Amino acid sequence: MLPSELFQKNINNNAWEKNPAQHKLMQQLDAYTKYLNANSILKKYRRKKHGIYVWGSVGSGKTTMLNMFYDLC
């Protein structure tokens, strides 16, 4: 399951409100998830380390979105 699919599922279940900024982040996390899944474990150890930096105001859902992403990985 991709982050955006779980995000949409939570919106459909009225657990979260629809937020365009969060939707954009989910698209970026989808791309990163696909990138991580496309590489073998050996390649992951050889490539440069990557990180994710999410900027936004307090209460915008940054931690929730990244926790969801981490749980899916």
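Two aromatic pairs turn up in this predicted model, counting rings of Phe, Tyr and Trp (its six-membered ring) whose centres lie within 6.5 Å, with planes under 30 degrees apart called stacked, over 60 edge-to-face and the rest tilted. One of them joins phenylalanine 7 and tryptophan 16, a tilted pair at 5.8 Å centre to centre with 45° between the planes. Phenylalanine 7 sits at 2% relative accessibility and so counts as buried, while tryptophan 16, at 24%, is partly exposed; buried here means under 20% relative accessible area, exposed over 50% and partly exposed in between (1.4 Å probe, protein chains only). The other pair is tyrosine 32 with phenylalanine 69, also tilted because the planes stand at 40°, with the centres 6.1 Å apart. That pair links distant parts of the chain, tyrosine 32 being in helix α2 and phenylalanine 69 in helix α4, 37 residues apart. Phenylalanine 69 is buried, at 8% relative accessibility.

As for ground rules, residues are numbered from 1 along each chain as its sequence is written. Local features need pLDDT of at least 70 and side-chain atom pairs count only at pLDDT 80 or more, whereas totals for chains, interfaces and linings use all residues; side-chain values use heavy atoms, with hydrogens and water left out.

Overall, the protein chain has four helices and zero strands, both taken as DSSP runs numbered from the N terminus (helices H or I, at least four residues; strands E, at least two). Of its 73 residues, 26% count as buried. Contacts (heavy atoms within 4.5 Å) reach well along the sequence: among those between residues at least 6 apart, 58% join residues at least 24 apart.

Helix α4 (residues 62-72) buries Met65, Met68 and Phe69. Seen down the axis of α4, these residues fall within an arc of 100°, so they line one face of the helix; the arc is that of the directions from the helix axis to the C-beta atoms. Thr63, Tyr70 and Asp71 are exposed on the other side of α4. The buried residues pack against α1 (3-12) and α2 (20-38).

Leaving aside residues up to four places away in sequence, phenylalanine 7 touches Trp16, Asn19, Gln22, His23, Met26, Met65 and Met68.
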